[in-house]
Amino acid sequence: MFALNKSPFIRYLLQRWSGRSNLGLQGMMSLIAESTTVLLSSWKSRIEKEGGVAEIKIDEGMRSFSGDVISRACFGSNYSKGAEIFLRLRALQEAMSKKSLSIGIPGMRYMPTKKNREAWALEKDVRNLILEIVKERKETAHEKDLLQMVLESAENSNLGQDAMDQFIVDNCKNIYLAGYETAAVSATWCLMLLAANKEWQDRVRAEVLEVCGSAGCIPDADMLRKMKLLNMVIHESLRLYPPVAVVSREAFKEMKFGDITVPKGLNVWTMVLTLHTDPEVWGPDAYRFNPDRFAKGITGACKLPHLYMPFGVGPRVCLGQNLAIAELKILIALVLSQFSFSLSPNYIHSPALRLVIEPERGVELLIKML
Ligand code: HEM
């Protein structure tokens, strides 16, 4: 996520792509629904096999889902093709979050330590896999997706072959990293909260069935807009478990904030989770799951609305936020309309700050068909 701040090209690409994509909003929604259906069919078979109730650790399923969406939306390929890349990017992310403990020691990232070697090997694998997809792409029909745009920009540049490959790999990696774990972990936390809060699960399910008509009906854009309770639950979930815990900015010049002087070149970290749970901003129940606080929107929920920032803030705000919210709404609506679920007695609450805030020991749910 931090690397993305140095990548205005991605912003340009996503803006260009959203204007030019032949997917359109409805196409994007069917694509998300297809990925959801794949996931939920696997849940159904588990439930049938296990006699009506299945204990499912949902984390991997959420990753497959979000990987499938981002891969098909942005790269035109499906999850099975990107699966190996995802696995390595996840391992790379873990290796990097461990490595980040040693930031601050000059030159440390160039030392051939065990962790660094592990990360370098993964980087190499990811690079080779992406370049394999690029090679296949060059031999087959062109699609108007993000990968195609990256390729066109690389070809129109004056870069040599090595620099061109690096350009393609960096941009593909950035999009995967930005949109994959964040959306997956948001869906996981949201389902955990609905499992732990049965009353809200029932309320949102009733809304989904009322707006969408029947179980398993794929919501259209209008239906998504009408599901207010669902929206409130997603806001509250992103407030309590913002996947990106820190938003960073570099001071380009010396700045003064009251008595504090920020020197040029300093990185300022905004702790999103701290802002999202400050009782001064959210009231005495700041740590409680209470989606009702969003009944009148973000401005009604907190004293200073700009302090709610799950997608960051300002000109570098998340470019994938509409895609991410659509993913969450469609997934949760389809889950609620077909299943009921509660926390498994084996669930251990273990939020851990890696590159995203994730449940270290996973989320196990007891799931049955309605
Ligand atoms: C719930 C899911 C997501 C969350 C919580 C999230 C959060 C964020 C945050 C906090 C930032 C940094 C913003 C800042 O510095 O002010 C960011 C940047 C970004 N996100 Fe997301 N994101 C999510 C999903 C996605 C998806 C699905 C994509 C799609 C490809 C995406 C693409 C990007 C890009 C390209 C940037 C960099 C923008 C720039 O620096 O110009 N994100 N995201």
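Reply: A333 is found in helix α15, which spans residues 321-338; helices (H or I, at least four residues) and strands (E, at least two) are DSSP runs, numbered from the N terminus. Residues are numbered from 1 along each chain as its sequence is written. The model is a predicted one, in which local features need pLDDT of at least 70 and side-chain atom pairs count only at pLDDT 80 or more, while totals for chains, interfaces and linings use all residues.

A333 is buried, because 27 other C-beta atoms lie within 10 Å. A residue is called buried if 20 or more other C-beta atoms lie within 10 Å of its own, exposed if 12 or fewer, and partly exposed in between, with C-beta atoms placed from the backbone. Leaving aside residues up to four places away in sequence, A333 touches V208, C212, P219, M227 and L230; two residues are in contact if their C-beta atoms, placed from the backbone, lie within 7 Å. R205 is 128 residues from A333 along the chain, yet their C-alpha atoms are separated by 7.4 Å.

A333 also belongs to the largest nonpolar core, which has 90 residues, and together with C190 and L191 it touches the most other members. A nonpolar core is a set of buried Ala, Val, Leu, Ile, Met, Phe, Trp, Tyr and Cys residues joined through C-beta atoms within 7 Å. In soluble globular proteins, nonpolar side chains tend to be buried together.

S337 lies in helix α15 as well. With 20 other C-beta atoms within 10 Å, S337 is buried. Not counting residues up to four places away in sequence, S337 touches R205, V208, L209, C212, A215 and G216. The C-alpha atoms of S337 and C217 are 8.2 Å apart in space, although 120 residues separate the two in sequence.

The loop between α14 (297-301) and α15 holds C318. The UniProt annotation "binding site", from an unreviewed entry, covers C318; UniProt positions are given in the numbering used here, feature names are shortened, and annotations may be inferred rather than shown by experiment. C318 counts as buried because it has 21 C-beta neighbours inside 10 Å. Its contacts, apart from residues up to four places away in sequence, are F311 and G312.

The axes of helix α9 (residues 198-212) and helix α11 (residues 228-240) come within 8 Å and cross at roughly 140°. The pair is therefore oblique. Axes are lines fitted to C-alpha atoms, for helices over the stretch in contact, and angles run from 0 to 180 degrees between N-to-C directions. Angles under 35 degrees count as roughly parallel, over 145 as roughly antiparallel, 65 to 115 as roughly perpendicular and the rest as oblique. W200, R203, V204, E207 and V208 of α9 make the contact with L229, L230 and V233 of α11.

Helix α8 (residues 181-196) also packs with α11, at an angle of about 110° and with the axes 9 Å apart. These two helices are therefore roughly perpendicular to each other. In α8, S186, W189, C190, L193 and L194 meet V233, I234, S237 and L238 in α11.

Of its 370 residues, 36% count as buried.
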